[in-house]
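Please open the model in your viewer and keep the selection panel at hand.

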Amino acid sequence: MSRELEAVFTELALGQYLDAFIDQGFDSWETILDIQESDLDALGVKLGHRRKLQRRIANARGIASSVSLVSTLNSGSEDTKQQHVRRESATRSETGSESANGVMKRKYRRHPKPDENAPERPPSAYVLFSNKMREDLKSHNLSFTEIAKLVGENWQNLDQAERESYESQANAAKDKYRRNLAEYKKTPEYRRYSQYLQDFKEKQNKHGQGCKPHLCKHN
């Protein structure tokens, strides 16, 4: 997974979808730029959340915020369409299934819905650095891609003392998250979600799919 992708999903508050996207091959910002509405449907992305992601994609393509998002989605460039066809063709042999008319359809694994009551996962040291630098660069009129490149380069060249400072902040946030999670696990909401996961896993096992371990329990 690219750091740029993690930073985008964190900034858009869409972190709950990140594992599912990566699992289906959308493991870099470049592949996300090629995503289709049908992909978002299959991945279970809520309408409001997908519009946030699609607006960011439109901005990355140089489409102004004043342009209708709906018209942008309906009139994707031929280059983008061809990229999508190539990506679908490359993944058919291992992830696709064939319909009655011979057209290959992408097969998606089902995932449990996220626990909306659980404490929010803490940001990594890189994400903390990325958020700070993006805030500092707000007034520089740079594109998203330019900012992402600068963030990555500056993180790589960050001196040890500064890096340790961000890592210390990230570790403190992680410790707080663990304490909050321990308290949350004592609540009725957690027990209800645990029961939901158990029911979900049993249902998936009946269909021979199973449930991914990292999605079926809290870490």
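Predicted model: local features only at pLDDT ≥ 70, side-chain atom pairs only at ≥ 80, totals over all residues.

Which residues in H8 meet residues in H9? Select residues 125–136 for helix H8 and residues 144–156 for helix H9. On the H8 side, the residues in contact are Ala125, Tyr126, Phe129, Ser130, Met133 and Arg134. They meet Phe144, Ile147, Ala148, Leu150, Val151, Gly152, Asn154 and Trp155 in H9. By class, the residues of this contact of H8 with H9 comprise 10 nonpolar, 3 polar and 1 charged.

Now display the helix axes. H8 and H9 pack at an angle of about 125°, and their axes are 10 Å apart. That angle makes H8 oblique to H9. The crossing of H8 past H9 is right-handed.

Show the side chains of Ala125, Leu128, Phe129 and Lys132 in H8, which meet Tyr166, Glu167, Gln169 and Ala170 in H10. The residues of this contact of H8 with H10 divide into 5 nonpolar, 1 polar and 2 charged.

Turn now to the aromatic rings. The count of aromatic pairs comes to 7. Select Phe9 and Phe21: their ring centres are 5.1 Å apart and their planes stand at 75°, so the pair is edge-to-face. Phe9 belongs to helix H1 (residues 3–11) and Phe21 to helix H2 (residues 18–23), so the pair ties together parts that are 12 residues apart in sequence. Are these two residues buried or exposed? Both Phe9 and Phe21 are buried.

Another stop is the pair of Tyr126 and Trp155, which is also edge-to-face, at 5.6 Å centre to centre and with 85° between the planes. Tyr126 lies in helix H8 and Trp155 in helix H9, so this pair links distant parts of the chain, 29 residues apart. Tyr126 has a relative accessible area of 7% and is buried; Trp155, at 4% relative accessibility, likewise counts as buried.

Finally, select Tyr126, Phe129, Trp155 and Tyr166 together: these residues form one aromatic cluster. Among them, Phe129 takes part in the contact of H8 with H9 and also in the contact of H8 with H10.

Terms used
Residues numbered from 1 in each chain as written. Heavy atoms only, no water. Axes fitted to C-alpha atoms, helices over the stretch in contact; angles between N-to-C directions. Helix = DSSP H or I, 4+ residues; strand = E, 2+ residues; numbered from the N terminus. Parallel < 35°, antiparallel > 145°, perpendicular 65-115°, else oblique. Left-handed = near helix turned anticlockwise from the far one by under 90°. Contact = heavy atoms within 4.5 Å. Nonpolar A, V, L, I, M, F, W, Y, C, P; charged D, E, K, R; others polar. Phe/Tyr/Trp six-rings, centres within 6.5 Å; stacked < 30°, edge-to-face > 60°. Buried < 20%, exposed > 50% of the residue type's maximum accessible area, 1.4 Å probe, protein only.
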